[in-house]
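Colleague: I'd like to learn how to read a model like this one, feature by feature. Could you walk me through it?

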Amino acid sequence: FDERLMSTRPHEDQINTAKNVRNILQTSQIAKEYKSYRLQDALSLRCIPQLHGAAKKTLRDALKTIEIEINSCCDNPIIWSEGEDGEVISGGHPDSSYVGLEMDSACIAATMLGKMSERRNNRLIDGSLSEYPWFLIKKPGLNSGLMVPQYTQAGLLNDMKILSHPATVDAIPTCCNQEDYVAMGYNASKKARQIADKLEYILSIELLSVYQAHQYVKEGLMPAEATKVVLDEIAKKVPVMEEDMYLYPHINTLKDLIHSEYIVRLVEKVIGGLE
């Protein structure tokens, strides 16, 4: 996340992602304590600027395209009030290639975010990697702790991988081959809606593990101020797990916090706007 390192590969969204993480963690005693703990971290940690940056670029490109599309005329034919009877031009504006390609790309970007989130979560619940109790529960074995939510992540991620197959590479001719090529943007958009929902569940499970893991942090080490604000907000709604409990309502609570962007707003109140 070092600014010097980011400058050698100057993708804007990568640079901004690294900057966000530096700003969030600047007051973290935990980060300072473990600064030189390993020679280098796993890719799911040290490649956050690269993957998150690439995903954000893809989603920003999609947003720009969708905004143009929403404010466009996509009819056929299109009629102009020129001459006595007007003029009609038959063209190809109903083609959904712009939307379809962007939505297929968004599906892939979201799935990549999901697979990195699942790997980070796995590092938290795996006691040999996190050095916390296995599955983030005090008596693993008697309790399964956060083992099953990681299964859920794996299942959701498998669905997302299937849905990430691009719809726009397909075409089924219709209308006696007058419509001999079809862009399939509608199907790409339907997939994207499903993937977005599944990604929010995957992120909420990772956030649940982060929340539960903080009870095992070395005593006296404080998280960053921005992190503490988020953890305190979660604590109002989600209990610390001492033994196995019904987790689905708590995962939904965290999903709502993510979907509403409330967590982002909490962080921005502390460190300013995120980029």
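Predicted model: local features only at pLDDT ≥ 70, side-chain atom pairs only at ≥ 80, totals over all residues.

Colleague: What does Asp159 form a salt bridge with?

Modeller: The general idea is that side chains of opposite charge can pair when their charged atoms come close. Here the partner of Asp159 is Lys198, with 3.4 Å between the closest N and O atoms. Asp159 sits in helix α8 (residues 147-163) and Lys198 in helix α9 (residues 185-213), so the bridge ties together parts that are 39 residues apart in sequence. Lys198 has a relative accessibility of 16%, and because buried means under 20%, Lys198 counts as buried.

Colleague: How many salt bridges does the structure hold?

Modeller: There are 15 salt bridges. One of them joins the side chains of Lys19 and Glu275, at 3.0 Å from N to O. That pair links distant parts of the chain, 256 residues apart: Lys19 is in helix α2 (residues 12-25), and Glu275 is in the segment after α12 (262-271). Lys19 is partly exposed at 33%, and Glu275 is partly exposed at 37%.

Colleague: And Lys236 with Glu233: how far apart are the closest N and O atoms there?

Modeller: They are 3.2 Å apart, and the two residues form a salt bridge. Look at the accessibility on each side: Lys236 is exposed at 64%, whereas Glu233 is buried at 9%.

Colleague: Now the inside. Which residues have the most contacts within the largest nonpolar core?

Modeller: In soluble globular proteins, nonpolar side chains tend to be buried together. The largest such core in this model has 44 residues, and the ones with the most contacts inside it are Met103, Leu136, Leu146, Leu208, Ile234 and Leu254. Elements giving two or more residues to the core include α5 (48-70), α6 (97-125), α10 (225-235) and α11 (248-259). Helix α9 gives the most, with eleven residues. To zoom in, take Leu254: setting aside neighbours within four places in sequence, Leu254 is in contact with Ser204, Leu207, Leu208, Ile234 and Val238.

Colleague: What about Gln212: is that residue buried or exposed?

Modeller: Buried, at 0% relative accessibility. Gln212 is in helix α9. Beyond neighbours within four places in sequence, Gln212 is in contact with Leu136, Leu146, Pro239, Val240, Met241 and Met245.

Colleague: Which backbone feature does Cys176 have?

Modeller: Cys176 has a positive phi of about 55° although it is not a glycine. Cys176 is in the loop between α8 and α9 and counts as exposed, at 82%. Met184 also has a positive phi, near 65°, and is found in the loop between α8 and α9. Met184, though, is buried at 13%.

Colleague: Where is the cis peptide bond?

Modeller: It joins Asn76 and Pro77, with omega about -5°. Pro77 lies in the loop between α5 and β1 (78-80).

Key. Residues numbered from 1 in each chain as written. Heavy atoms only, no water. Salt bridge = Lys/Arg side-chain N within 4 Å of Asp/Glu carboxyl O. Helix = DSSP H or I, 4+ residues; strand = E, 2+ residues; numbered from the N terminus. Buried < 20%, exposed > 50% of the residue type's maximum accessible area, 1.4 Å probe, protein only. Core = buried A, V, L, I, M, F, W, Y, C linked by side-chain atoms within 4.5 Å. Contact = heavy atoms within 4.5 Å.
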